[in-house]
Amino acid sequence: MSLANIYLEVCVGTAELAEAALKGGAAAIEICQLTADGGITPDISLVDSISRLVMQRNNCPIVTIRIRPRTGNFVYSDKEFQTMLNDIVVFKESDCVQGFSLAVLTESGSVDVDRMNM
């Protein structure tokens with residue numbers, strides 16, 4: 001892999017950190033809250049403020065949102081999983097969001113393929 005194929009992605013939990021990431025040359029930003037605990041789904045107001053900040057720049061980097069209803073493991077109840085799906089629907093309306101970052105596992109620890117394909 002050549003260095004030309006490497007880009008900087010930064011996980012941020014505040015608009016101030018997003019600004020610093022953009023100034024530092026980030027090509028991708030992942031928005032979440034509670035970054036010290038592995039990150040959870042951010043508030044819509046945080047996503048809106050960071051999206052506005054990113055759109056003010058001439059070169060809009062890739063912006064993704066972490067979808068995770070709580071800290072801890074990645075095995076979710078039906079209610080938690082429905083919350084994740086609802087969050088994705090709400091965030092898809094943001095003009096500068098290109099994707100979502102999430103992980104869903106089964107009780108045995110393998111990828112929950114059925115849920116990830118939804």
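Helix 1, which spans residues 15–23, lies across strand 1 and strand 2 and runs at about 170° to strand 1; angles run from 0 to 180 degrees between N-to-C directions, along axes fitted to C-alpha atoms, for helices over the stretch in contact, and contact means heavy atoms within 4.5 Å. Helices (H or I, at least four residues) and strands (E, at least two) are DSSP runs, numbered from the N terminus. From strand 1 the chain passes through helix 1 to strand 2 in a right-handed β-α-β crossover, a term for a path that runs clockwise from the first strand over the helix to the second when the strands point away from the viewer.

This is a predicted model, in which local features need pLDDT of at least 70 and side-chain atom pairs count only at pLDDT 80 or more, while totals for chains, interfaces and linings use all residues. Residues are numbered from 1 along each chain as its sequence is written, and side-chain values use heavy atoms, with hydrogens and water left out.

Four strands form an open sheet in the order 1-2-3-4, with parallel pairing, where a pair requires at least two bridges found by DSSP. Strand 1 (9–12) and strand 4 (99–101) are at the edges with a single partner strand each, so one side of each has no neighbour in the sheet. From one strand to the next the twist averages 30°.

Strand 1 pairs with strand 2 (residues 28–31) in the parallel sense over four bridges, and Glu-30 in strand 2 is the bridge partner of Cys-11.

## The cysteines

The count of disulfides, meaning pairs of cysteine sulfur atoms within 2.5 Å, is zero. The closest cysteine sulfur to that of Cys-11 belongs to Cys-32 and is 3.2 Å away, too far for a bond. Cys-11 is partly exposed, at a relative accessible area of 35%, whereas Cys-32 is buried at 0%; buried means under 20%, exposed over 50% and partly exposed in between (1.4 Å probe, protein chains only).
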